[in-house]
Amino acid sequence: MAAPERLSLCPSANLVEGGPGLRFEVAGQAAFAVRYQGTVRAYLNACRHIPVELDLSDGRFFDLSGHYLVCSMHGALYAADTGVCVSGPCRGARLMPVGVTEEDGSVWLPVPAGN
Ligand code: FES
């Protein structure tokens, strides 16, 4: 039996616009996915100031405006669509994107060949 080429992370309906994020791991690293402007966006869950998890484990990534991902430690704000830090101690740095896809009613994580 062939190994799967992708893993289902969650049903699409679980990611609500501006709502809580989905926490998951990719290659042993913490990552998260949120829905913003209708599209699922996923990044490694590591602030670019100090590599702590942005949400400090509670799954809330958006600020009150619903447009920015906020680091709970010192308040860095990242544009949800690009991952670029627009305010805070790591201004100009960028969250590392994770290439997820959305298809057939699910959010998918590609599995590298050989795994
Ligand atoms: S650790 Fe995220 S802003 Fe300092």
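How far apart do the end C-alpha atoms of residues 7–109 lie? They lie 5 Å apart. The span is 0% helix and 39% strand; helices (H or I, at least four residues) and strands (E, at least two) are DSSP runs, numbered from the N terminus. UniProt lists residues 7–109 as "domain: Rieske" in an unreviewed entry. Its positions follow the numbering used here, feature names are shortened, and annotations may be inferred rather than shown by experiment.

This is a predicted model, in which local features need pLDDT of at least 70, side-chain atom pairs count only at pLDDT 80 or more, and totals for chains, interfaces and linings use all residues. Residues are numbered from 1 along each chain as its sequence is written, and side-chain values use heavy atoms, with hydrogens and water left out.

Turn to the sheet. Three strands form an open, antiparallel sheet in the order β1-β9-β8; two strands pair if DSSP finds at least two bridges between them. β1 (6–11) and β8 (101–103) each have a single partner strand, so one side of each lacks a neighbour in the sheet. Three bridges join β8 to β9 (residues 106–110). Within this pairing, E102 has V107 in β9 as its bridge partner.

Now the loop between β4 (39–44) and β5 (68–70), where D55 lies. Why does D55 count as buried? Its relative accessibility is 1%; buried means under 20% relative accessible area, exposed over 50%, partly exposed in between (1.4 Å probe, protein chains only). Leaving aside neighbours within four places in sequence, D55 is in contact (heavy atoms within 4.5 Å) with R23, N45, R60, F61 and S72.
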